[in-house]
Amino acid sequence: MKKSIIHVGAMMAAVLPVMASESQSETEFTDSTHYDLNPVVVTGTGVHQRLKATPVPVEVISGREIRSAGINGLQDALTMMVPSLSFSPSAMGSYLRMNGLTNSHVAVLLNGRKMTGDISGNIDLGQIDINLIKRIEVLNGAASTLYGSDAVGGVINIITAGPDEESEFTTNSRYTRDGQFNQGLDLSLRAGRVGSLTAYNYSHSDGWQNSRYTEDDGELIETLAQLSLGYTSNNLTQRFTYDASERLALYAEGGYYSRLLDRPVERKDMSGGSKYNTFSESFSWGAGGAYSLGALGSVKFDYSGRTYGQWYKYMIASGDYLPGDYYKTKRQDYHDAELRGIFNFTDNSNTVFGTDYRYETLDRPESDLNKGLGTFSVYGQHEQRLAGHLTLLAGLRYDLHQEIGSRLTPKVALMYNKGNFNARATYAAGYRTPGIDELYYHMLKPMGSRHIITFGNRDLKAENSNFGSINVEYRTSRLTVSLTGYLNFVKNMVTSRSTKFSAMSESEQAALIAEFPEINDIKTSTLSVKEYYNFSKATVKGIEANLSFNPIVGLTLSANYSYAYGRGLNDDGSWQRLNRSVMHTGTFTANYSHDWDRYRLNVNLNGRVQSRTYYPGDADGDAPGYGVWNLTTRHMFSCFRRFALEPGIGIDNIFDRRDMRPLNSNFALYSPGRSVVASLRVTLK
């Protein structure tokens, strides 16, 4: 109760100083009453163009849609709005999957630059401030020609806001059950040719249990372990822009992010506690510019860097560590420099040439690992509008990886456009080099209430994929209908197998104990061994269907369905489902917005249903399917001179769906149940 009062007080404190400004007079609404069904996108071809005109199909979520849904974080936005994406949760974080492929096969970009910094192998999406998102572009299928390694299953490109043309201050607050509170503060300033955007986001959540029990040797015992750990995070972003001339635009940016998990403290009378919390910290920086060549095109240079570290922060004494002491468990460094030219050699074409150098390091003391690897790339892509309503796109990339060697990845796409009808066919090669962790890990570490020994494999091969898709689309200003069928053939897919320690032979157990003596200090029923290896090949075939409709002014309806069937072939000739894959997923949205003079009502209903998540060979079994529906209302008042006021109220998980199984099960849904959500957005100009 005390935390609730503090959070509500913080929301009011953000508003009262603003309300002290002169009221009366008018501030007009800035949101449109309908969604743009044909936005400008860049991810599919590397060139800004209308969604209808791009020869590669791209799915788009706008920042307006995210705000209308009252969504708290990027993961929630992707879950509720993109059926091809799914997350498998754990106490430490969530594993992203896209079209049946793992997070390591999906390139996550921030403004076109690759993200780094992961929790348990999955990019820490908390590094991205959701209040700054302008749109999210999702490209299904291989895209290594433009984006290099990891873009085997697809690309998620998060486009964030820069300084506005006018100075503006915005505060966003959101509170719901279990102490889940989010506060964002954004300040955009403009003075002549110079712009500045400063953003700060604070997020907190208590942890929760849906079940108080875990299974141990066939018996249910009470545990301290939580389905979702509590956390506190801070995110600071700064971006400067400078229009040096009519042709030259420059920028510089930096950011800081921290996240402290809040684990239950270890107790002698109950399992599931911990001696330490986990602290993550990230620093990012970047700079670049674009020079316009007039009608010929433009040249861009971008450099970005990021360092991401993790530490144990001890809560109780353990060995040589006292409460409050830190122990470094991991540090990742990433540098990326790219020079790209976009040229319009003719009125009916555009051409992209680029060169890129990436260098990443991984320092993992627990595994006695400190290694760096670099990749040099050159790529080109040409898009030509032909006679007869045809557009042809062809591209090629050359990569030279320090450890794996060189490779070529081509891409070809053809689009037929006639009025409101589009038909597209795409072939793209993809590749992925094994990660430093997959190659070199050799360690034992706790993972929530479990312990895992992980062995890297220096004999892993690079993955290669061949992706083909056919898309048909009908698009007008009020209606979009799209159907896509695809096949993705992956050779040498890197995967892992997990074996419980208790299922191993006595000789295997003895060898592991000799190698990791600390096994004697843990409960072996919680211990498993993870090993990386290559499937000889894997296939994913799928269908995606999308519908968006504006039947009347102010009402938008959308429904999306994804089917993905993924299997991998083992060396013994047996096929198995891809780990953590989901076959059927659907998302649904109904949004209604209407103005009455200086008041606007926005009502948004979001739903997601999905079938079970497969964990082949895992003793804890598959995760069951689920369906979750959220309802949000926003109330916008523009009857004040200097500011716009936007309170909101809603219900998450309307039908109170929860997974109540023991905590050592595999989960797909980790909602604590039905939740009332209160929010407040204030914009001061």
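Two strands count as paired here if DSSP finds at least two bridges between them. By that rule, strand β39 (residues 626–637) pairs with strand β40 (residues 643–652): five bridges join the two, and they run antiparallel. This is a predicted model, so take what follows as a tour of a computed structure.

A hairpin joins β39 to β40 through five residues. Which residue in β40 is the bridge partner of F637? That's L645. Next comes strand β41 (residues 675–684), which is joined to β40 by 10 bridges, again antiparallel. Within that pairing, G650 has V677 of β41 as its bridge partner.

**The whole thing at a glance**

Stepping back, the protein has six helices and 41 strands. Is the overall fold compact or extended in terms of its radius of gyration? A compact globule of 685 residues would have a radius of gyration near 26 Å, and the protein comes in at 25 Å, so the two agree. Along the principal axes, the C-alpha atoms fill a box of roughly 75 × 60 × 45 Å.

Buried residues account for 53% of the 685. As for contacts, take those between residues at least 6 apart in sequence: 65% of them join residues at least 24 apart.

**A run of antiparallel pairs**

Strand β14 (residues 180–191) pairs with strand β15 (residues 194–205) in the antiparallel sense, and L185 stands opposite Y200 in β15. The hairpin these two make has two residues between the strands, and G192 takes a positive phi near 65° there.

β18 then pairs, antiparallel, with strand β19 (residues 248–262), where T237 stands opposite G255. β18 and β19 form a hairpin too, with four residues between them.

Here are the bridge counts for these pairs:

| Strand pair | Sense | Bridges |
|---|---|---|
| β14 and β15 | antiparallel | 11 bridges |
| β18 and β19 | antiparallel | 14 bridges |

One general point is handy when looking at side chains here: in a regular strand they alternate between the two faces of the sheet.

**An open sheet with mixed pairing**

Five strands form an open sheet in the order β3-β11-β12-β7-β8, and the pairing is mixed. Which strands stand at the edges? Those are β3 (59–62) and β8 (113–114); each has a single partner strand, so one side of each is left without a neighbour in the sheet. For β3, four bridges join the strand to β11 (residues 133–140), and the two run antiparallel. I61 stands opposite I136 in β11.

**A helix tucked inside**

Why is helix α3 (residues 74–81) described as largely enclosed by the rest of the structure? Because seven of its eight residues are buried. The buried residues in α3 are L74, Q75, A77, L78, T79, M80 and M81.

**Around Y327**

Last stop: a single tyrosine. Y327 lies in strand β22 (residues 326–343). Is Y327 buried, partly exposed or exposed? With buried meaning under 20% relative accessible area and exposed over 50%, Y327 counts as partly exposed because its relative accessibility is 24%.

What does Y327 touch? Leaving aside neighbours within four places in sequence, Y327 is in contact with Q310, W311, Y312, Y314, Y321, P365 and E366. One of these, Y312, is 15 residues away from Y327 along the chain, and the C-alpha atoms of the two are separated by 5.0 Å.

Methods: Residues numbered from 1 in each chain as written. Predicted model: local features only at pLDDT ≥ 70, side-chain atom pairs only at ≥ 80, totals over all residues. Heavy atoms only, no water. Rg over C-alpha atoms; globule rule 2.2 N^0.38 Å. Buried < 20%, exposed > 50% of the residue type's maximum accessible area, 1.4 Å probe, protein only. Contact = heavy atoms within 4.5 Å.
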